[in-house]
Amino acid sequence: MLNGCTHKKPEGIEDDRQLTKHKKAGCWVHVDGAFGLWARASKEKSALVKGVEAADSWAVDAHKWLNTPYDCGMCIVRNKQMQREVMTTSAAYVETPDMWQAKDMLPEFSGRARAVEVWAAIAELGSQGIEALVDCCCLYTKILAKGLESLGFTILNDIVLNQVVACFPDTHLQRAMLHKVQQSGECWFGQTTWQGQEAIRLSVSSWATTEDDIQRSLKAISTAIGEIKQQAV
């Protein structure tokens with residue numbers, strides 16, 4: 001089995017030729033879509049996931065771009081019968097009718113009906129709505145990256161989707177700024193490490209996000225840096 005990640009590298013998607021190569025070699029190719037697979041919904045961004053249709057299975061998060069509850073994830077498997085054989089739970093006291101049952105397709109014997117929330121989000125947005133959501137978030141991400149650069153940050157990744165990985169020259173100030181902004185409630189982003197470099201990672205994924213929110217976030221970061229520098233004097 002080969003697992004290919006569409007979110008492994010902040011600058012984009014792994015080489016689709018590798019997926020095709022391993023597929024031809026007889027491997028089961030699984031694509032961990034997370035954020036990245038949603039690029040398929042955008043005409044502008046679909047080239048980033050070129051070749052993923054050749055895979056045998058795909059996983060993608062709904063709680064990110066669709067903003068559904070956190071435990072909403074989707075797994076799509078090309079071979080329905082194989083999926084059922086692997087996941088079926090049986091026992092002497094459990095009826096096993098020939099009809100389709102959710103328990104035979106999932107790793108859990110029972111679970112909450114999270115498909116309802118996912119269906120509702122997709123039905124409300126439609127294909128055009130999802131495309132607009134992806135494109136809008138990607139546009140705001142570019143604005144965010146430019147704003148961070150103007151504040152003295154170095155952008156560590158190519159901005160091709162909705163992720164920004166950035167670092168400030170002063171690591172200690174960066175840590176203090178991160179905590180201060182989180183405490184302010186204006187926006188939230190976390191710490192990460194990229195190629196050995198301590199950095200911050202920001203994702204733009206909400207349907208409710210506007211350009212004004214991006215500017216507010218940049219202002220919160222700028223204000224935090226200024227206050228920390230002032231306190232150090």
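One salt bridge is found across the interface of domain 1 and domain 2 in this predicted model. Its partners are Lys43 and Glu131. Their closest N and O atoms lie 3.2 Å apart. By class, the domain 1 side that touches domain 2 has 10 nonpolar, 5 polar and 5 charged residues. Polar contacts also cross the interface: the rule finds 9 residue pairs, both members at pLDDT 80 or more.

Now step back to the two domains themselves. The domain assignment places domain 1 at 5-126 and domain 2 at 127-232. Their C-alpha centres are 29 Å apart. In contact are 20 residues of domain 1 and 25 residues of domain 2. Together the two domains bury about 1,900 Å² between them. Carbon and sulfur atoms give 64% of that area.

Next, turn to a loop. Asn157 sits between strand S5 (154-155) and strand S6 (163-167). Is Asn157 buried or exposed? Its relative accessible area is 5%, under the 20% limit, so Asn157 is buried.

Key:
Residues numbered from 1 in each chain as written. Predicted model: local features only at pLDDT ≥ 70, side-chain atom pairs only at ≥ 80, totals over all residues. Heavy atoms only, no water. Domains from an automatic or database assignment. Contact = heavy atoms within 4.5 Å. Buried area = accessible area lost by both parts, 1.4 Å probe. Salt bridge = Lys/Arg side-chain N within 4 Å of Asp/Glu carboxyl O. Polar contact = N/O pair within 3.5 Å; in protein donor to acceptor, adjacent residues only side chain to side chain. Nonpolar A, V, L, I, M, F, W, Y, C, P; charged D, E, K, R; others polar. Helix = DSSP H or I, 4+ residues; strand = E, 2+ residues; numbered from the N terminus. Buried < 20%, exposed > 50% of the residue type's maximum accessible area, 1.4 Å probe, protein only.
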